[in-house]
Amino acid sequence: MIEAHELTKRYGGKTAVDSISFTIAPGSVTGFLGPNGAGKSTTIRMIMGLDRPTSGSVTVNGKPYGHHRSPLGEVGALLDAQAVHPGRSARSHLRTMAATHNIKASRVSEVIEMTGLAGVASKRVGGFSLGMGQRLGIAAALLGDPRTLILDEPVNGLDPEGVQWVRQLVRGLAAEGRTVFLSSHLMSEMAQTADQLLVIGRGRIIAAGPVQQVIDSVSGGAVRVRSPHAGELAAALAADGVTVTLPESGTLEVSGTTAEHVGDVAFTRGLALHELSPRSATLEEAYMSLTQDAVDYRSHTTTARSRTEKGQNQ
Amino acid sequence: MSTLTADPTATTRAATSPSTAEVNSTLAGIMRGEWIKLLSLRSTWWALTSTAALMTLASLAYAMSLDTMAEDPVTAPGIEQMHGAEIVASGFPFGMLIIAVMGALSITGEYSTGMIRSTFAAVPTRLPVFAAKALTLVVLAAAVALVSVILSYLVTMAQLSQYDLVPALADPGTWRVLGGSVYCLTAAALFSLGLGTLLRSTAATVTVALTVLLLLPGILSFVTLDWVQTIVSYLPLPASSTLLTTGTTDVPGANLSTYTSLVVVAAYAVVPIVTAAVALRRRDA
């Protein structure tokens, strides 16, 4: 269980996280979704007590993270960049963390096995690929057998087999009743892994709830219609709140109404239909629509700005 | 790449079985974690061996130079004024150089690699792990300084005996110089640890630490203003030098009393460490 209450973080004049409140429930996988720079990592660092909130508070399993007697037994975290000294072997890295909590050497070996690092455990981390680094980070997160897992971009750099493994792992952990909080900027990954979504953009929560609900709230659904009388049908459907577009000739995209209504209208006018299919938006579309105003680093904005600057220089 | 093939069934199995380990954060555990941290890095072993090697070789070289001093009628009478322990401890600046770098790296290595976030995730209260780090460093610095002094004593013994300069263990002067050597090297390690915690960058910390510890007295010796020379006498190297001699030393500015020197050297360790501890609690990792 993670509970944030009006959590805010400002760096100088820039607000990275803007008074967000949320509750992450145990027993399910909650996806923390947002574009780069939206405030995901800052939020996670505040949960972990690494960054101090400017205002507001966040607790894990009822207490601020730092107040727990066994922090690694409460929360296991995979932090954004590799938080590992490259000169140490994977096993030594895990041993340094295990020692602080009197975790046995057998558990260190166990997480090494689990994450598939057995063959490279005695190699120095500096030579690891991004994917192996992620596996080591996940091994560190599992070390204390924690009730809550926080994984910042866990599938970054993993091969397809690794992605599949992370998916199974987090599903398994949630099924055991643990709280799993997973950040990503990849919506496709979230669609397959998460039960709940927390969408963040420019430091604010822009949507939260079960995955399908978040998608529906944005799209409202659309109906695809193919008809030889597309023009007539479009005119007949025109009403308040209904949007009709013609992506190609003979095809209509109707939003703001139901497939039943479209079918009824066509029937009463005697217009033949060749296709009538309700289409729910994909998470990707929902995400784009939710975050289009919340992307900090968009390519065309940058070009526009650099053009202005060039203009000023002249 | 079969070694990297994860076994999902292993995960589920191990995660379901309740952890048999007593998972609790304790001070002893945090200390052990810091030990593993220091000793599992090659750079630590390089620092330790080169400290011992350089300090020992420097003292041997100084002892061997007694031969040329003895041949020169100008310097020959000076040999009688010398205390053998000063020759044994003459590799001190080399030890200071490497031990200071080791102290700096013990924390800047964590900040520059991101390891500090793993460290603070495991010990979110921070101060216990900082204290453990300081303590580990003190033990290691004192141990390597002691070993280096003992090695220096042994390798210079044959040469010093020719001039009747082997420092007697019954002589308090011997203990002052050799003990002072260990004391000042340990302080140098803590000075850099504190500085490194405040500055976080390896390059900045090593530059500032070595400038203050070793270079500044030499640079400022050309500025003959009284107040500048007063400052020089309170710098770490001159202050240490008064502890590393039984008589007078030719290190510029070394003119503090023994007790003042002890306090000044301790302050160079304590002030940065306390300041760093305060900053460490407040700042974002």
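Author: Let us begin with Asp145(A), which sits in the loop between helix H5 (130-142) and strand E6 (148-152) of chain A; helices (H or I, at least four residues) and strands (E, at least two) are DSSP runs, numbered from the N terminus. This is a predicted model, in which local features need pLDDT of at least 70 and side-chain atom pairs count only at pLDDT 80 or more, while totals for chains, interfaces and linings use all residues. Residues are numbered from 1 along each chain as its sequence is written, chains are lettered from A and ligands numbered from 1 in the order in which they are written, and side-chain values use heavy atoms, with hydrogens and water left out.

Reader: Why is Asp145(A) called buried?

Author: Buried means under 20% relative accessible area, exposed means over 50%, and partly exposed lies in between (1.4 Å probe, protein chains only). Asp145(A) has a relative accessible area of 16%, and therefore it counts as buried. Its phi is near 50°, a positive value in a residue other than glycine.

Reader: Which residues are linked with Lys133(B) in a network of salt bridges?

Author: The network links Glu34(B), Lys37(B), Glu110(B) and Lys133(B). The side chains of Glu34(B) and Lys133(B) meet at 2.9 Å, N to O. That pair links distant parts of the chain, with Glu34(B) in helix H2 (residues 27-39) and Lys133(B) in helix H9 (residues 127-162) of chain B, 99 residues apart. Glu110(B) also forms a salt bridge with Lys133(B), the closest N and O atoms being 2.7 Å apart. This second pair joins helix H7 and helix H9 of chain B across 23 residues. Glu110(B) counts as buried because its relative accessibility is 2%, and Lys133(B) counts as buried at 7%.

Reader: What makes Ile99(B) buried, and with which residues is it in contact?

Author: Ile99(B) has 0% relative accessibility and therefore counts as buried; its place is in helix H7 (residues 92-113) of chain B. Contact means heavy atoms within 4.5 Å, and, leaving aside neighbours within four places in sequence, Ile99(B) is in contact with Thr51(B), Ala141(B), Val144(B), Leu185(B) and Ala189(B). Ile99(B) and Leu190(B) are 91 residues apart in sequence, yet their C-alpha atoms are 9.4 Å apart in space.

Reader: Why is Ser240(B) called buried?

Author: Ser240(B) is at 2% relative accessibility, and so it counts as buried. This residue is found in helix H13 (residues 236-243) of chain B, and, with neighbours within four places in sequence left aside, its contacts are Phe92(B), Met96(B), Cys184(B) and Val265(B).

Reader: How confident is the predictor in chain A, and where is the pLDDT below 50?

Author: The pLDDT is the predictor's confidence in each residue, from 0 to 100. Chain A averages a pLDDT of 86, and 89% of the residues score at least 70. Over residues 300-314 of chain A, however, the pLDDT is below 50, and beyond near neighbours in sequence this stretch has 0 contacts in the model.

Reader: How is chain A built as a whole?

Author: The secondary structure of chain A comes to 12 helices and 13 strands, and 52% of its 314 residues count as buried. Among contacts with a separation of 6 or more in chain A, residues 24 or more positions apart account for 69%.

Technical notes
A salt bridge is a side-chain nitrogen of Lys or Arg within 4 Å of a carboxyl oxygen of Asp or Glu.
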